[in-house]
Amino acid sequence: MKRVLSLKELSERTNGLAPGHRACAGCPFPSIVRMVLGSSDYPVVVANATGCMEVVTTIFPYTAWSVPWIHSAFENAGATVSGVESAFKALKRKGVIPEDKKINFIAFGGDGGTYDIGFQSLSGAIERGHNFLYVLYDNQAYMNTGVQRSSATPYGAHTTTSPAGKRIPGKMQHRKDITEIVAAHGIPYVAQASPSHWADLVKKVRRALEIEGPKFIAVISPCVPGWGYDESESIELTRLAVETCFWPLYEVDHGVYKVNYRPREKLPVKVWLEKQARFKHLLDKPELIDEIQKKVDEKWERLLRLDGQKIF
Amino acid sequence: MKTVTKKILALTGNEAAAYAMKQINPDVVAAYPITPASEIVQIFSKYVSDGVVDTEFVPVESEHSAISVCVGASAAGARIMTATASQGLALMHEILYIAASLRLPIVMVVGNRALSAPINIHCDHSDTMGSRDSGWIQMYCENADEVYHTLIAAVKIAETANLPCMVTMDGFIVTHGMENVEVLEDGEVQEFVGKRNPLYSVLDIENPITIGPLDLYDYYFEHKRSQLEGVLNAKKIIPAVIDEYNKKFDKNIPSFVEEYRTEDAEIVIVAMSSAAGTLKEVVDIEREKGEKIGLLRLKVFRPFPHEILREKLKNVKVLGVMDRAETFSTMGGPVSIEVKAALYPLEKRPLLQDFIFGLGGREFTLENALEVVDILKKIKKEEKVSEEFIYIGIKE
């Protein structure tokens, strides 16, 4: 199976999610979903955690999904997809489904349903070794319900439950590193991707789908109202997240770290922060921006070391 | 005369449930064995390891995930079973509603045990009473033999009604007590349960469906009404399947209720589960003395058989209702509240006394049962009930 798809090929494979969904203008996750589904050479069954994606793609009697799709609750996408995949295995064993039938099982969850409330369910599912791909679309807060902080929310960000106030300037904790936590489970494939680097994203999904067992890909997915920026700039913001190394593109394939993209010139994180209203209160607090930069540098250098690359 | 060779095994309630599960050979079993430990899962995983069943066993990290796996697997058209108790059932609470509302057949064995706090591992009904309005069928069994047969029938009931079904037994008293269980041959069980024919499957690639969409005020109400239709339909399916079972295997397991010496009874005790055993003995003792007394064991609590109770209890003078759970409503336990509601339309209603007993595994002794009867006889004589509820067997 070739891992790279041309834009033309990809454009012919994006009918898993139909137009007419109700995502906000500029929201990138419909494109992410289309790229993920389009990367599969086999039929796909999707399990979705409660969240923006579930809400805007379905409302009875309508659905934007042209592939089989199941949503149960907020915190159980990992367990739900485990159930579907286990039934598939059992029904094959019992001869109800032909032995050579191939289906790719893909779960989608936002950061709330992945880092926080759905974390246990995800951890259990990947530890058990179910054959599925979990795709996190990370918009870094509970956007569907009105921008509440999650453990994916970056340091300093204003949310409705970590408001930038007179005494406390936004969220005062760094974000959880979900990709590293998932990698620590020792599953076959873990990666970080960005819609700005679509060819890399598609390649990663296709690599993941070649592998039997649990796979995880974290994709950055800006939120127009939650992050506060012009709706035309979603992809640009993901590009800057990559160029500043706030969101490095890397993969851990069977335990081997590989940084997939190293910016020619690593931009200061401020370039990314200052484009978003959620960080605007930080612009006159250089010590807080320094704190964010310090963390970005630490993580980036650690990644380079893991990949065996020179830091400077 | 038909000769039926019957195989009798000495099994605990847990073993009887696991034995039935082995013979049913479900496609997927997902379970978490702890909070508190349910031996059923251990016994069943041995069947899996020994290759006695070809079930896909999913040993999850919590009961929340256990029932979530069951939802996913049932939506994929497979035959699904699980087992839990107490806190584990409480942890499943959210997903119980989703399983029922998505009309997914799942059969779950519950060893009824008390809910925390204080932490306790022994029998009462607070766990399943806490999920009584989740839309599941609930069948409370008296002993291990009934658990075994009801479980097999429950598979057909759940898959015909497209509803999930709990089959419960009293924790420790039945789960760990060894009794004679008359078992069927594997082939008989397989023939009875047949194959599941799902209406829809999330694995049907050619006919993709969306399961669990957002559903607001313009359709949710209608969907809840049609869910009720499914439950009303289950009220016909339950006795039909149990009758079929009894006829086929020469058994006499009750469907909604079991009547014990209720003919001409002026005093009737309504009870569920294993306490009925002790109460039947007291009924015998009192009948010896000439007291017109009987027992009505309520087996199915959901859907509630109010029509049957109304009909069977309309001429009773005094009714005692046994509750092994609190509601903290200050008007008694859950069974008495429902029985009262069921009898309300009667022109002449029996005097009704609620008894709360056995919480957290407090033993329900013959003496306790005799005390219940004494109180009911006094009510009959004085023609009045003076207490909203009475705690039986409590240390003052």
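This is a short tour of a predicted model, with stops in chain A and then chain B.

**Before you start**

The model has an ipTM of 0.97 and a pTM of 0.97. Colour chain B by pLDDT if you like: its mean is 97, and 99% of its residues reach 70 or more.

**Stop 1: strand β7 in chain A**

Select residues 189-193 of chain A, which form strand β7. How many of its five residues are buried? Five of the five are, so to speak, under cover.

**Stop 2**

To find one of the pairings, click Val190(A): its bridge partner in β8(A) is Phe216(A). Now trace the chain from one strand to the other.

Next, show strand β9(A), residues 250-253. Does β9(A) pair with β7(A) in the parallel or antiparallel sense? The pairing is antiparallel, over four bridges. Go back to Val190(A), and you'll find Val252(A) of β9(A) standing opposite.

**Stop 3: helix α10 in chain A**

Select residues 234-243 of chain A to bring up helix α10. Highlight Ser234(A), Leu237(A), Thr238(A), Leu240(A) and Val242(A), which are buried. Then step just past the end of α10(A) to Cys245(A), which takes a positive phi of about 70°.

**Stop 4: the largest nonpolar core**

Time to zoom out. In soluble globular proteins, nonpolar side chains tend to be buried together. Here the largest nonpolar core has 215 residues, and Val84(A), Ala99(B), Cys165(B) and Val270(B) have the most contacts inside it. Which helix gives the most to this core? Select residues 144-161 of chain B: that's α6, which supplies eleven residues. Both domain 1 (7-249) and domain 2 (257-392) of chain B contribute residues, so the core lies between them.

**Last stop: Cys165 in chain B**

Leaving out residues up to four places away in sequence, Cys165(B) touches Val107(B), Trp136(B), Ile137(B), Met139(B), Ala154(B), Ile157(B) and Ala158(B).

Terms used
Residues are numbered from 1 along each chain as its sequence is written. Chains are lettered from A and ligands numbered from 1 in the order in which they are written. This is a predicted model: local features need pLDDT of at least 70, side-chain atom pairs count only at pLDDT 80 or more; totals for chains, interfaces and linings use all residues. pLDDT is the predictor's confidence in each residue, from 0 to 100. A residue is buried if 20 or more other C-beta atoms lie within 10 Å of its own, exposed if 12 or fewer, and partly exposed in between; C-beta atoms are placed from the backbone. Helices (H or I, at least four residues) and strands (E, at least two) are DSSP runs, numbered from the N terminus. Two strands pair if DSSP finds at least two bridges between them. A nonpolar core is a set of buried Ala, Val, Leu, Ile, Met, Phe, Trp, Tyr and Cys residues joined through C-beta atoms within 7 Å. Domain bounds come from an automatic or database domain assignment. Two residues are in contact if their C-beta atoms, placed from the backbone, lie within 7 Å.
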